[in-house]
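Here is a short briefing on one protein chain. Look over the sequence and the model before reading on.

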Amino acid sequence: MPSFGALGHTLSASLIFAVAFLCVSFVSQGECRATPVPPTPCSSYKNCDTCVPHAKCLWCFATNNCTEYPVTWLLPPAKLCPLSQARWGVCWLNFEALIITMAVVGGIILLAIAVCCCCCCCKKRPSRFDREEERSAKRREEIRQRAEERKVERMARHDEIRRKYGLMGDTDHPYSKFENE
């Protein structure tokens, strides 16, 4: 069993190793961090092509300047730039057309989903007319089968009576051999 002195020496060595490891890890993290580059302000962009690729920037053709997109508003206010003159994302599409296009595409997608849910997902229930038509077809088939059975029974009875009285045209009844002589 180790003595208290040996255990204390092992604990102090482990403690020194842990402190050294933490110091190295904190120092190495501090040394590896690069200082963030401050973002370029939107006002430094001088034309639409350099302004609109940045999501935070809005180009106004009325004033020919690039400004920060007002994130507190859903749409840029008219005092900042009229919607027909505002460009965001691409230079060839004004903000009004972008909003209208997005609304139309969104409406078409919602309409397509609604039509799909109504037509594809819901099972087609048979209408009252379809159910009645099915019942009458089934009834007609049953009547036809019963009539066919009665016809077969009737023909069998008639054939038996014909055989009994020798009126059968075939040669399998008992009096056929006397008729030919």
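The side chains of Arg144 and Glu141 form a salt bridge, with N and O 2.6 Å apart. The model behind this value is predicted.

**Salt bridges**
- The structure contains three salt bridges.
- Arg144 and Glu141 sit three residues apart in helix 4 (residues 128–164), so about one helical turn separates them.
- Arg144 is partly exposed, at 46% relative accessible area. Glu141 is partly exposed too, at 35%.
- Arg162 pairs with Asp159 in another salt bridge, and their closest N and O atoms are 3.1 Å apart.
- Arg162 and Asp159 are also three residues apart in helix 4, so the separation is again about one helical turn.
- Arg162 has a relative accessible area of 34%, which makes this residue partly exposed. Asp159 is partly exposed at 24%.
- Arg140 and Glu133 are joined by a salt bridge with an N to O distance of 4.0 Å.
- Glu133 is partly exposed, with 39% relative accessibility.
- In general, side chains of opposite charge can pair when their charged atoms come close.

**A buried arginine without a salt bridge**
- Arg87 belongs to strand 3 (residues 86–87).
- Which side chain of opposite charge is nearest to Arg87? That side chain is Glu96, 8.1 Å away.
- A salt bridge needs a nitrogen to oxygen distance within 4 Å. Arg87 is buried and has no salt bridge.
- A polar atom of the Arg87 side chain does lie 3.1 Å from the backbone oxygen of Ser84.
- Beyond its neighbours within four places in sequence, Arg87 contacts Cys48, Val52, Leu58, Trp59, Phe61, Leu93 and Asn94.

**Nonpolar surface patch**
- Val105, Ile109, Leu110 and Ile113 make up a nonpolar patch on the surface.
- Together these residues have about 380 Å² of accessible area.
- Leu110 is part of helix 3 (residues 95–121).
- Is Leu110 buried or exposed? Leu110 is exposed, because its relative accessible area is 60% and the cut-off for exposed is over 50%.

**A loop residue with positive phi**
- Asn64 lies in the loop that links strand 1 (57–60) to strand 2 (65–68).
- The phi of Asn64 is near 50 degrees, a positive value in a residue other than glycine.
- Most residues other than glycine have a negative phi.
- Asn64 is exposed, at 52% relative accessibility.

**Overall fold and surface**
- The protein chain has five helices and three strands.
- Read from the N terminus, the order of elements is α-α-β-β-β-α-α-α.
- The chain has 181 residues, and 14% of them count as buried.
- Among contacts with a separation of 6 or more, 27% join residues 24 or more positions apart.
- The accessible surface of the chain is about 15,300 Å². Carbon and sulfur atoms account for 65% of that surface.

Terms used. Residues numbered from 1 in each chain as written. Predicted model: local features only at pLDDT ≥ 70, side-chain atom pairs only at ≥ 80, totals over all residues. Heavy atoms only, no water. Helix = DSSP H or I, 4+ residues; strand = E, 2+ residues; numbered from the N terminus. Buried < 20%, exposed > 50% of the residue type's maximum accessible area, 1.4 Å probe, protein only. Lys, Arg positive; Asp, Glu negative; His and termini not counted. Polar contact = N/O pair within 3.5 Å; in protein donor to acceptor, adjacent residues only side chain to side chain. Contact = heavy atoms within 4.5 Å. Areas by Shrake-Rupley, 256 points an atom, 1.4 Å probe, with all protein chains shown as cover. Patch = residues over 30% accessible without salt bridge, like charges linked within 9 Å, V, L, I, M, F, W, Y side chains within 5 Å.
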